[in-house]
Amino acid sequence: MATVLGVGLVVGLYFAPSLFDRYILSQALPHLPGSEVPPPGFEAASSPLGIPPASTGSTAYVLQESRDADQPFVTYDPCRPVHYVVRTDLAPPGTDQLIQEAVSAVSAASGLQFVYDGITSEAPTKGREAYQPDRYGKRWAPVLIAWSTPEEAPELTGRIAGTGGSASIQVPGEPYVYVTGQVQLDAPGLTETLASPNGPALIRAIIMHELAHVVGLGHVNDPTQLMYEENSGQLDFGDGDRAGLALLGTGKCVPRL
Ligand SMILES: [Zn+2]
């Protein structure tokens with residue numbers, strides 16, 4: 001847990017094990033009224049919307065595993081945009097821009113295209129529904145980035161600055177695909193962090209770390225990478241993080257989903 005930031009700043013800088021709520025549908029039934037999944041193919045293009053950068057060649061990354069032993073890792077569908085919303089209640093001042101910058105960094109490193117759908121009042125929940133047609137229409141719910149508190153989100157208790165993860169779904173004959181995700185940020189803890197030297201850059205780095213979980217990276221046992229479980233002053237992705245993110249931009253397009 002050593003950190004160059006000093007003991008006082010360790011609080012709020014510990015990265016949580018990511019939350020990976022997985023939704024498994026053995027049989028997707030998208031055409032039925034009252035369906036638990038949206039109609040297939042929403043916004044699905046015929047080819048990937050972006051091209052990931054060439055790999056750095058580093059192997060200092062870990063990919064979240066699929067539930068399917070034959071599928072080494074799970075990705076978002078690169079043929080459609082990854083929508084996201086922000087619950088800004090409790091947001092420390094000035095952090096809207098940090099979220100946009102963090103999203104841009106993940107997009108540039110993965111080739112995945114993100115679309116900001118604006119502010120939401122949706123609260124983060126452990127078993128978040130992946131499909132919420134009343135709130136978001138007949139499509140997969142956007143990724144929720146929520147400023148929260150340990151009272152609302154117990155995963156943020158103690159030294160946990162944030163959590164991040166995605167839900168994957170499989171239609172028969174296709175690989176698991178991430179369809180939505182959630183980031184929870186500890187607003188009280190990060191408000192303190194914001195006041196520290198490099199505070200805004202640290203918060204941006206924390207959001208980048210959590211968003212990297214959302215698109216499929218796990219923790220790596222290398223403190224020079226941003227995906228190390230605990231931040232020791234890293235402000236940007238390392239070469240391992242970048243290699244992993246580039247790979248996560250190469251997933252299969254699944255228009256049947
Ligand atoms: Zn983490």
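Student: In which helix do His209 and His213 both lie?

Tutor: This is a predicted model, in which local features need pLDDT of at least 70, side-chain atom pairs count only at pLDDT 80 or more, and totals for chains, interfaces and linings use all residues. Residues are numbered from 1 along each chain as its sequence is written, and side-chain values use heavy atoms, without hydrogens and water. Helices are DSSP runs (H or I, at least four residues), numbered from the N terminus. His209 and His213 are four residues apart, about one turn of the helix, and both lie in helix H5 (residues 199-215).

Student: Is His209 buried or exposed?

Tutor: Buried means under 20% relative accessible area, exposed over 50%, and partly exposed in between (1.4 Å probe, protein chains only). His213 has 1% relative accessibility and therefore counts as buried. Because His209 has 0% relative accessibility, His209 counts as buried.

Student: Which residues are the protein donors of the zinc ion?

Tutor: Donors are N, O and S atoms within 2.8 Å of the metal (3.2 Å for Na, K and Ca); water is not among the atoms, so sites may look incomplete. Along the chain, the donors of the zinc ion follow the spacing H-x3-H-x5-H. Lying 2.0 to 2.1 Å from the zinc ion, each through NE2, the protein donors are His209, His213 and His219.

Student: How many charged residues are in the lining of the largest cavity?

Tutor: Ala, Val, Leu, Ile, Met, Phe, Trp, Tyr, Cys and Pro count as nonpolar, Asp, Glu, Lys and Arg as charged, and the others, Gly among them, as polar. On a 1 Å grid over the protein atoms alone, a cavity is a set of points where a 1.4 Å probe fits but cannot get out, and lining residues have an atom within 4 Å of a point. By class, the lining of the largest cavity has 13 nonpolar and two polar residues, while the charged residues number four.

Conventions
Helices (H or I, at least four residues) and strands (E, at least two) are DSSP runs, numbered from the N terminus.
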